[in-house]
Amino acid sequence: MSHYRIKKAKLNGEIVVPSSKSHTLRSILLGALGKGKSVIHRHLPSTDTWAMIEACRLLGATVDVAPSMIIIEGINGQISHAEDVINAGNSGIVLRFCAAIGALAAHPVVITGDYSIRHQRPMRHLLDGLSQLGVSVASMRGDGYAPVIIQGPLHSGSARIDGQDSQPVSALLIASAFADGPIELHVRNPGEKPWIALTLSWFDRLGIPYINQDYEHYRLLGNARYEGFEYTVPGDLSSAAFPIAAALVTQSELTLNNIDMKDTQGDKELIHLFQQMGARIEIDEEKKTLHVKKGGTLSGVTVDINNFVDAITILAVVACFAEGETRIINAAVAKQKECNRIQCIAAELRKMGADIHEIEDGLVIKKSKLKGANLHSYHDHRMVMSLTVAALGAEGETKVHPVECVAKTFPTFIRDFNTLQANIEVVE
């Protein structure tokens, strides 16, 4: 496996932010469920994208991939079976969304994934919700994780599920839109609300009616039908966090292109938080650019991160360079991502000398002088990028391994960062 060798650096220049993973995956799935041809422009060319494409092909859609677009011939919401076992790879979205969509079929659908999917990404809440709607469900090892077997059809009715993780809720909402009758969904502990809003924004785009009462009660009419569509994927505000953070920890100046702050992605809240901490960030909404300027002094904050919980690892890094103390709370769901991100980022930053400790639902970090270390990524793309950013602001040399997983969301990470004059070497 490859690793990165990183030394302290000053950054300068500009890059184009990669396209949004969340929008790419939703656009492919909803294109596959539409009627006729859909064309997706500027998709993210990532491992998760290929997993979603293959899943949609197995569910009956025709999907052709060109360098700058994906062309889909949809199945008009009609699924009879899956041609083979669906492999979600490392994608929680593919796992949860396709499991729920598989419930529209009358024949069994089997979904599995890599080690992280099979041991780190719980399916219990989604399976429970599907079961309440008449679907036969089973975790093949009996532990509430993939591989899972789903056998529909999904019936009209009501279900109650826990919503701390947004993906099972989004999955049930999408499946309910195509059910054979109305479905009411009641959600306890609704969390990660901006990502539910992102799913609902797709319903608005496609004309799928729904009722949303404070993210706790939904009503879907079922039998959704819509014509194919054409869509251009915006930049990924989650990925933008890493070069922004790198500029902050190295006291550098850089420009990011393809930044649409009007998009519904939840992680744009992190950019506002950086500004609140003292970062000098200028946004041109017309040109869709973001400019990080030198000279801002960062100060610690207390932040409820639930709306943008995927940013916990990179925020923890930036907090090491902020005056005073930063307290990150309401992040318990981060324990069930590609790795336990609370535990793992704390462990790796401590190797670098960080003053960081875990609390029940988050982290407390004080300003620290970081030094180079040998770091483990836990096969988590956000850990790779966060630790790389930490290394760019640390004294001495840092090694981060393994790093192949960065292709999940930021396949041009090394090229782009070295374009910004980072000192990152890939060692095979």
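Predicted model: local features only at pLDDT ≥ 70, side-chain atom pairs only at ≥ 80, totals over all residues.
Local features need pLDDT of at least 70 and side-chain atom pairs count only at pLDDT 80 or more, while totals for chains, interfaces and linings use all residues. Residues are numbered from 1 along each chain as its sequence is written, and side-chain values use heavy atoms, with hydrogens and water left out.

E6 runs parallel to E7 (residues 109-112) over two bridges, and Asn87 stands opposite Thr112 in E7.

Helix H2 (residues 47-58) meets H3, their axes coming within 9 Å and crossing at roughly 20° (axes are lines fitted to C-alpha atoms, for helices over the stretch in contact, with angles from 0 to 180 degrees between N-to-C directions). That makes H2 roughly parallel to H3 (angles under 35 degrees count as roughly parallel, over 145 as roughly antiparallel, 65 to 115 as roughly perpendicular and the rest as oblique). H2 contributes Asp48, Ala51, Met52 and Ala55 to the contact, and H3 contributes Ile93, Val94 and Cys98 (contact means heavy atoms within 4.5 Å).

As for Thr62, this residue lies in strand E4 (residues 62-66) and touches Ile71, Ile72 and Glu73, not counting residues up to four places away in sequence.

Conventions
Pairing = 2+ DSSP bridges. Helix = DSSP H or I, 4+ residues; strand = E, 2+ residues; numbered from the N terminus.
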